[in-house]
Amino acid sequence: MRYFLEIAYDGTRFHGWQVQPNALSVQEVLDDCLSKVLRQHINSTGSGRTDTGVHASQQFVHFDVEEELDPAHTVYRFNRLLPADIVAKNLYLVTDAAHARFDAFERTYHYHITLAKDPFKRYYATYLPRSVDVAQMNEAAAVLLRYEDFTTFSKVKGDTNHYRCNMYEAIWRQQGDELIFTIRANRFLRGMVRLVVGTLLDVGRGKLTVADFERIVANQDRSKASGAAPSEGLYLARVSYPEHIFKTSPKTNPL
(Lines give C-alpha, C1' and ligand atoms only; values in the text may rest on other atoms or scores of the structure.)
Protein backbone atom coordinates (compact mmCIF):
# COMPACT_ATOMS: atom_id res chain seq x y z
CA MET A 1 0.00 0.00 0.00
CA ARG A 2 1.18 3.49 -0.79
CA TYR A 3 0.92 6.40 1.61
CA PHE A 4 1.52 10.13 1.41
CA LEU A 5 3.00 11.60 4.58
CA GLU A 6 2.62 15.34 5.12
CA ILE A 7 5.51 16.83 7.10
CA ALA A 8 6.98 20.19 8.08
CA TYR A 9 10.53 20.98 9.12
CA ASP A 10 12.94 23.62 10.29
CA GLY A 11 15.79 23.35 7.80
CA THR A 12 18.39 25.22 9.87
CA ARG A 13 20.62 22.30 10.81
CA PHE A 14 20.06 20.23 7.68
CA HIS A 15 21.98 20.20 4.42
CA GLY A 16 18.77 20.20 2.45
CA TRP A 17 16.10 17.57 1.87
CA GLN A 18 17.92 14.91 -0.14
CA VAL A 19 20.14 12.19 1.30
CA GLN A 20 23.80 12.92 0.59
CA PRO A 21 27.14 11.56 1.79
CA ASN A 22 28.81 13.14 4.84
CA ALA A 23 26.00 15.62 5.52
CA LEU A 24 22.79 15.43 7.53
CA SER A 25 19.60 15.70 5.49
CA VAL A 26 15.89 15.79 6.32
CA GLN A 27 15.27 12.70 4.20
CA GLU A 28 17.92 10.70 6.04
CA VAL A 29 16.45 11.48 9.46
CA LEU A 30 12.87 10.91 8.27
CA ASP A 31 13.62 7.59 6.57
CA ASP A 32 15.45 6.35 9.65
CA CYS A 33 12.41 7.18 11.79
CA LEU A 34 9.93 5.58 9.38
CA SER A 35 12.05 2.45 9.08
CA LYS A 36 12.25 2.01 12.85
CA VAL A 37 8.56 2.64 13.50
CA LEU A 38 7.34 0.46 10.63
CA ARG A 39 10.06 -2.16 11.16
CA GLN A 40 11.04 -2.33 7.53
CA HIS A 41 13.39 -0.39 5.28
CA ILE A 42 11.73 2.79 4.03
CA ASN A 43 13.12 4.91 1.22
CA SER A 44 10.76 7.85 0.87
CA THR A 45 10.26 10.00 -2.21
CA GLY A 46 9.68 13.70 -1.65
CA SER A 47 7.59 16.17 -3.60
CA GLY A 48 10.78 18.13 -4.26
CA ARG A 49 14.15 19.09 -2.87
CA THR A 50 14.94 22.00 -0.60
CA ASP A 51 18.45 23.40 -0.22
CA THR A 52 20.59 23.75 2.89
CA GLY A 53 18.87 25.91 5.52
CA VAL A 54 15.54 26.10 3.66
CA HIS A 55 12.39 25.30 5.63
CA ALA A 56 9.12 23.59 4.74
CA SER A 57 5.77 24.35 6.32
CA GLN A 58 4.29 21.70 4.02
CA GLN A 59 6.19 18.91 2.30
CA PHE A 60 4.93 15.52 1.13
CA VAL A 61 6.65 12.17 0.75
CA HIS A 62 5.37 8.82 -0.41
CA PHE A 63 6.39 5.37 0.77
CA ASP A 64 5.11 1.79 0.45
CA VAL A 65 4.23 -0.75 3.14
CA GLU A 66 2.64 -4.20 3.09
CA GLU A 67 -0.10 -3.63 5.65
CA GLU A 68 -2.72 -0.93 6.13
CA LEU A 69 -1.80 1.72 8.70
CA ASP A 70 -3.91 3.61 11.18
CA PRO A 71 -3.15 7.23 10.18
CA ALA A 72 -3.59 8.96 13.53
CA HIS A 73 -1.73 6.32 15.55
CA THR A 74 1.07 6.05 13.01
CA VAL A 75 1.58 9.83 12.92
CA TYR A 76 1.70 9.79 16.72
CA ARG A 77 4.40 7.10 16.65
CA PHE A 78 6.42 8.98 14.03
CA ASN A 79 6.36 12.15 16.10
CA ARG A 80 7.52 10.35 19.24
CA LEU A 81 10.73 9.40 17.42
CA LEU A 82 11.28 12.40 15.14
CA PRO A 83 13.49 15.25 16.40
CA ALA A 84 11.88 18.55 17.38
CA ASP A 85 12.71 20.19 14.05
CA ILE A 86 10.70 17.69 11.95
CA VAL A 87 7.00 17.01 12.47
CA ALA A 88 4.65 14.49 10.86
CA LYS A 89 1.30 16.18 10.28
CA ASN A 90 -0.98 13.80 8.37
CA LEU A 91 -0.91 10.41 6.68
CA TYR A 92 -3.02 9.63 3.61
CA LEU A 93 -3.69 6.34 1.85
CA VAL A 94 -3.32 6.93 -1.89
CA THR A 95 -3.58 4.98 -5.12
CA ASP A 96 -0.74 2.57 -5.89
CA ALA A 97 0.61 4.73 -8.72
CA ALA A 98 0.42 8.05 -6.85
CA HIS A 99 3.75 9.89 -6.82
CA ALA A 100 4.67 12.67 -4.40
CA ARG A 101 6.80 14.47 -6.98
CA PHE A 102 5.23 13.79 -10.35
CA ASP A 103 1.57 14.12 -9.31
CA ALA A 104 2.06 17.52 -7.69
CA PHE A 105 0.50 20.08 -10.04
CA GLU A 106 1.26 23.23 -8.07
CA ARG A 107 3.85 24.39 -5.54
CA THR A 108 3.97 27.56 -3.46
CA TYR A 109 7.00 29.11 -1.78
CA HIS A 110 7.12 31.99 0.70
CA TYR A 111 10.17 34.16 1.29
CA HIS A 112 10.28 36.08 4.57
CA ILE A 113 12.20 39.31 5.11
CA THR A 114 12.35 41.32 8.33
CA LEU A 115 13.13 45.03 8.29
CA ALA A 116 13.70 45.08 12.06
CA LYS A 117 16.68 43.23 13.51
CA ASP A 118 15.30 40.41 15.63
CA PRO A 119 17.48 37.73 17.26
CA PHE A 120 14.54 35.32 17.31
CA LYS A 121 14.10 35.48 13.53
CA ARG A 122 17.73 35.12 12.50
CA TYR A 123 17.22 31.58 11.20
CA TYR A 124 13.70 32.14 9.85
CA ALA A 125 13.76 35.45 7.97
CA THR A 126 16.36 37.48 6.10
CA TYR A 127 17.18 40.79 7.75
CA LEU A 128 17.40 43.90 5.55
CA PRO A 129 18.84 46.93 7.36
CA ARG A 130 17.33 49.30 4.81
CA SER A 131 13.85 49.52 3.35
CA VAL A 132 13.18 48.61 -0.27
CA ASP A 133 10.67 49.84 -2.85
CA VAL A 134 7.95 47.19 -2.60
CA ALA A 135 5.86 48.73 -5.39
CA GLN A 136 8.78 48.45 -7.84
CA MET A 137 9.46 44.88 -6.74
CA ASN A 138 5.82 43.98 -7.36
CA GLU A 139 5.90 45.58 -10.78
CA ALA A 140 8.97 43.50 -11.60
CA ALA A 141 7.47 40.34 -10.07
CA ALA A 142 4.45 40.70 -12.37
CA VAL A 143 6.86 40.32 -15.31
CA LEU A 144 7.40 36.69 -14.30
CA LEU A 145 3.81 35.83 -15.17
CA ARG A 146 4.44 36.72 -18.82
CA TYR A 147 7.25 34.19 -19.29
CA GLU A 148 7.64 30.42 -19.31
CA ASP A 149 11.39 29.92 -19.79
CA PHE A 150 13.33 30.65 -16.61
CA THR A 151 16.83 29.67 -17.67
CA THR A 152 17.98 32.96 -16.14
CA PHE A 153 17.09 31.67 -12.67
CA SER A 154 18.44 28.15 -12.98
CA LYS A 155 21.48 26.82 -11.19
CA VAL A 156 24.55 26.38 -13.38
CA LYS A 157 24.92 22.74 -14.50
CA GLY A 158 21.42 21.88 -13.33
CA ASP A 159 20.08 18.38 -13.99
CA THR A 160 16.76 19.45 -15.49
CA ASN A 161 15.71 18.63 -19.06
CA HIS A 162 14.05 21.98 -19.62
CA TYR A 163 13.62 25.35 -17.94
CA ARG A 164 9.92 25.98 -18.53
CA CYS A 165 7.56 26.73 -15.65
CA ASN A 166 3.94 27.85 -15.60
CA MET A 167 3.91 30.80 -13.22
CA TYR A 168 0.59 31.56 -11.48
CA GLU A 169 1.45 34.09 -8.78
CA ALA A 170 4.38 36.29 -7.75
CA ILE A 171 3.67 39.06 -5.26
CA TRP A 172 5.19 40.89 -2.28
CA ARG A 173 3.08 41.79 0.75
CA GLN A 174 4.13 43.92 3.70
CA GLN A 175 2.93 43.17 7.22
CA GLY A 176 4.44 45.66 9.64
CA ASP A 177 8.20 45.14 9.64
CA GLU A 178 7.94 41.94 7.60
CA LEU A 179 7.90 41.45 3.84
CA ILE A 180 6.56 38.16 2.49
CA PHE A 181 7.05 37.11 -1.12
CA THR A 182 4.64 34.47 -2.45
CA ILE A 183 5.51 32.65 -5.65
CA ARG A 184 3.36 29.85 -7.08
CA ALA A 185 3.94 27.68 -10.14
CA ASN A 186 3.53 24.15 -11.44
CA ARG A 187 7.27 23.52 -10.90
CA PHE A 188 10.46 25.30 -9.93
CA LEU A 189 14.06 24.88 -10.99
CA ARG A 190 16.74 24.14 -8.42
CA GLY A 191 17.67 27.35 -6.62
CA MET A 192 15.17 29.32 -8.71
CA VAL A 193 13.21 31.05 -5.96
CA ARG A 194 16.27 32.42 -4.17
CA LEU A 195 17.68 33.74 -7.44
CA VAL A 196 14.36 35.39 -8.27
CA VAL A 197 14.20 36.98 -4.81
CA GLY A 198 17.81 38.18 -4.97
CA THR A 199 17.20 39.86 -8.32
CA LEU A 200 13.90 41.41 -7.21
CA LEU A 201 15.63 42.83 -4.14
CA ASP A 202 18.09 44.59 -6.43
CA VAL A 203 15.07 46.20 -8.08
CA GLY A 204 13.82 47.25 -4.65
CA ARG A 205 17.24 48.73 -3.80
CA GLY A 206 17.29 50.74 -7.02
CA LYS A 207 20.18 48.78 -8.54
CA LEU A 208 17.93 47.51 -11.35
CA THR A 209 14.87 48.99 -13.05
CA VAL A 210 11.76 46.99 -13.91
CA ALA A 211 12.85 47.16 -17.55
CA ASP A 212 16.27 45.78 -16.55
CA PHE A 213 14.56 42.92 -14.74
CA GLU A 214 12.46 42.02 -17.78
CA ARG A 215 15.55 42.03 -20.02
CA ILE A 216 17.28 39.73 -17.54
CA VAL A 217 14.36 37.28 -17.67
CA ALA A 218 14.03 37.47 -21.46
CA ASN A 219 17.76 37.02 -22.16
CA GLN A 220 17.76 33.54 -20.53
CA ASP A 221 21.31 34.14 -19.29
CA ARG A 222 22.07 32.99 -15.74
CA SER A 223 25.04 35.37 -15.46
CA LYS A 224 22.72 38.38 -15.74
CA ALA A 225 20.72 37.52 -12.59
CA SER A 226 21.70 38.79 -9.16
CA GLY A 227 23.07 36.62 -6.40
CA ALA A 228 20.76 34.21 -4.59
CA ALA A 229 18.94 35.48 -1.52
CA PRO A 230 19.95 33.77 1.77
CA SER A 231 18.38 30.40 2.51
CA GLU A 232 16.93 31.15 5.94
CA GLY A 233 14.05 33.23 4.58
CA LEU A 234 12.71 30.54 2.24
CA TYR A 235 9.85 28.14 2.98
CA LEU A 236 8.18 25.49 0.85
CA ALA A 237 4.67 26.47 1.87
CA ARG A 238 2.19 24.33 -0.09
CA VAL A 239 2.10 21.37 -2.48
CA SER A 240 -1.15 20.57 -4.28
CA TYR A 241 -2.37 17.27 -5.73
CA PRO A 242 -5.41 16.06 -7.71
CA GLU A 243 -8.13 14.72 -5.44
CA HIS A 244 -8.54 11.42 -7.28
CA ILE A 245 -5.22 9.98 -6.07
CA PHE A 246 -6.40 10.00 -2.43
CA LYS A 247 -8.30 7.00 -1.07
CA THR A 248 -9.12 8.74 2.20
CA SER A 249 -12.10 11.04 2.69
CA PRO A 250 -11.87 14.27 0.66
CA LYS A 251 -12.43 16.16 3.93
CA THR A 252 -9.00 15.01 5.12
CA ASN A 253 -7.20 15.69 1.85
CA PRO A 254 -4.60 18.51 1.82
CA LEU A 255 -6.38 20.40 -1.00
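Helix 3 passes helix 4 in a right-handed crossing; a crossing is called right-handed if the near helix is turned clockwise from the far one by less than a right angle, and left-handed if anticlockwise. Helices (DSSP runs of H or I, at least four residues) and strands (runs of E, at least two) are numbered from the N terminus. The model is a predicted one, in which local features need pLDDT of at least 70 and side-chain atom pairs count only at pLDDT 80 or more, while totals for chains, interfaces and linings use all residues. Residues are numbered from 1 along each chain as its sequence is written, and side-chain values use heavy atoms, with hydrogens and water left out.

Two packed helices are described by the angle between their axes and the distance between the axes. The axes are lines fitted to C-alpha atoms, for helices over the stretch in contact, and the angles run from 0 to 180 degrees between N-to-C directions. For helix 3 and helix 4 (residues 192–204), the axes come within 8 Å and cross at roughly 135 degrees. Helix 3 is therefore oblique to helix 4; angles under 35 degrees count as roughly parallel, over 145 as roughly antiparallel, 65 to 115 as roughly perpendicular, and the rest as oblique. Helix 3 contributes Gln136, Met137, Ala140 and Ala141 to the contact, and helix 4 contributes Leu200, Leu201, Val203 and Gly204; contact means heavy atoms within 4.5 Å. These residues of helix 3 and helix 4 divide into six nonpolar, two polar and no charged. In this division Ala, Val, Leu, Ile, Met, Phe, Trp, Tyr, Cys and Pro count as nonpolar, Asp, Glu, Lys and Arg as charged, and the others, Gly among them, as polar.

Helix 3 (residues 134–143) also packs with helix 5, at an angle of about 25 degrees and with the axes 9 Å apart. Helix 3 is therefore roughly parallel to helix 5. The crossing of this pair is right-handed. The contact brings together Gln136, Glu139, Ala140 and Val143 of helix 3 with Val210, Phe213 and Glu214 of helix 5. By class, four residues in the contact of helix 3 with helix 5 are nonpolar, one is polar and two are charged.

A further pair consists of helix 1 (residues 26–38) and helix 2 (residues 71–81), whose axes are 9 Å apart at an angle of about 125 degrees. Helix 1 and helix 2 are therefore oblique to each other, and their crossing is right-handed. On the side of helix 1 the contact is made by Cys33, Leu34, Lys36, Val37 and Leu38, and on the side of helix 2 by Thr74, Arg77, Phe78 and Leu81. The contact of helix 1 with helix 2 comprises six nonpolar, one polar and two charged residues.

We now turn to the whole chain. The protein chain has five helices and nine strands, and its elements run β-α-β-β-α-β-β-β-α-β-β-α-α-β from the N terminus on. Its radius of gyration is 19 Å, close to the 18 Å that the globule rule gives for 255 residues, so the chain is as compact as a globular protein of that length. The radius of gyration is taken over C-alpha atoms, and the globule rule is 2.2 Å times the number of residues to the power 0.38. Buried residues make up 51% of the 255 residues; buried means under 20% relative accessible area, exposed over 50%, and partly exposed in between (1.4 Å probe, protein chains only). Among contacts between residues at least 6 apart in sequence, 72% join residues at least 24 apart.

Phe181 lies in strand 8 (residues 178–185) and, at 0% relative accessibility, counts as buried. Phe181 and His110 are 71 residues apart in sequence, yet their C-alpha atoms are 5.4 Å apart in space. Not counting residues up to four places away in sequence, Phe181 touches a list of residues including His110, Ala141, Trp172 and Leu200.

Several loop residues complete the picture. Asn43, in the loop between helix 1 and strand 2 (45–46), counts as exposed at 55% relative accessibility. Asn43 touches Gln27 and Asp31, not counting residues up to four places away in sequence. Asn22 lies in the loop between strand 1 (2–9) and helix 1, and its phi is near 60 degrees, a positive value in a residue other than glycine. Gln220, in the loop between helix 5 (210–219) and strand 9 (234–240), has a positive phi of about 55 degrees although it is not a glycine. At 39% relative accessibility, Gln220 counts as partly exposed.
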